[in-house]
Amino acid sequence: MRAKRKQKLFVILGLVSLTAIAVGLTLYALRSNINLFFSPVQIAAGDAPLERQIRAGGMVKEGTVDRDKESLEVSFTVTDYVDDLEVRYSGILPDLFREGQGVVVVGELQQEGWLRADQVLARHDENYMPPEVAQALEEAGYAPEDYQAKAAEVGKRMEAQADDGGDGRTN
């Protein structure tokens with residue numbers, strides 16, 4: 001009887017050890033695929049890691065989109081209306097991308113304080129604020145509703161400029 005108990009104990013210990021090793025290897029493999037979200041406030045405070053893939057979100061600040069006429073390079077500023085983050089992206093932007101719009105960018109924060117984006121995700125409604133940004137604003141003591149109203153105002157102004165031919169003059 002004692003030998004059987006000992007054999008069962010070794011089998012159980014072996015299974016627990018193999019399970020622990022499998023979980024450890026899985027977590028190690030997933031470590032590089034985890035994209036943590038940071039708002040411009042958190043990035044300005046130094047909470048975001050440098051040169052590691054992160055997600056950052058907010059609204060595209062009005063008047064900051066700068067497109068290179070010779071290439072697909074574009075730079076713009078993402079804001080949560082508290083702090084700003086410069087973003088540089090090379091590629092085709094989503095059709096819904098525009099100033100005053102909610103975006104989430106995936107990329108690496110550089111030593112100089114700007115983010116090199118690999119991916120830009122845009123939402124269709126100027127009243128939209130990514131949930132992570134809203135949560136970060138609340139944690140910082142700000143009300144997301146105030147910023148959504150400001151974003152709606154910017155969206156209306158941008159639509160009016162587009163209707164006027166983009167030069168801001170009325171007919």
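Which ring does the charged end of Arg88 sit over? It's the ring of Trp114, and the charged end is 4.0 Å from the ring's centre. To count as sitting over a ring, NZ of Lys or CZ of Arg has to be within 6 Å of the ring centre and within 35 degrees of the ring normal.

## What you're looking at

This is a predicted model, where local features need pLDDT of at least 70 and side-chain atom pairs count only at pLDDT 80 or more, while totals for chains, interfaces and linings use all residues. Residues are numbered from 1 along each chain as its sequence is written, and side-chain values use heavy atoms, with hydrogens and water left out.

The protein chain has four helices and seven strands. Starting at the N terminus, the order is α-β-α-β-β-β-β-β-β-α-α. Helices (H or I, at least four residues) and strands (E, at least two) are DSSP runs, numbered from the N terminus.

## The annotated stretch

An unreviewed UniProt entry marks residues 9-30 as "transmembrane region"; such annotations may be inferred rather than shown by experiment. In the model, residues 9-30 are 100% helix and 0% strand, and their end C-alpha atoms lie 32 Å apart.

Of the chain's 171 residues, 33% count as buried. Buried means under 20% relative accessible area, exposed means over 50%, and partly exposed is in between (1.4 Å probe, protein chains only).

Val120 belongs to strand β7, residues 115-122, and is buried at 7% relative accessible area. Between Val120 and Val106 there are 14 residues in sequence, but 6.5 Å in space, C-alpha to C-alpha.

Tyr81 sits in the loop between β4 (73-79) and β5 (84-90). Tyr81 isn't a glycine, yet has a positive phi of about 65 degrees. With a relative accessible area of 22%, Tyr81 is partly exposed.

## The largest pocket

Rolling a probe the size of a water molecule over the atoms shows where empty space is left. On a 1 Å grid over the protein atoms alone, a pocket is an open set of points where a 1.4 Å probe fits, with protein on both sides within 12 Å along at least five of seven lines. The largest one has a volume of about 150 Å³, volume being the space filled by probe spheres set on the points.

Its lining residues (an atom within 4 Å of a point) include Arg67, Ser71, Gly91 and Phe97. The lining divides into six nonpolar, two polar and three charged residues; Asp, Glu, Lys and Arg count as charged, Ala, Val, Leu, Ile, Met, Phe, Trp, Tyr, Cys and Pro as nonpolar, and the others, Gly among them, as polar.

Gly91 lies in the loop between β5 and β6 (102-109) and counts as buried at 17% relative accessibility. Gly91 and Ser71 are 20 residues apart in sequence and 8.7 Å apart in space, C-alpha to C-alpha.
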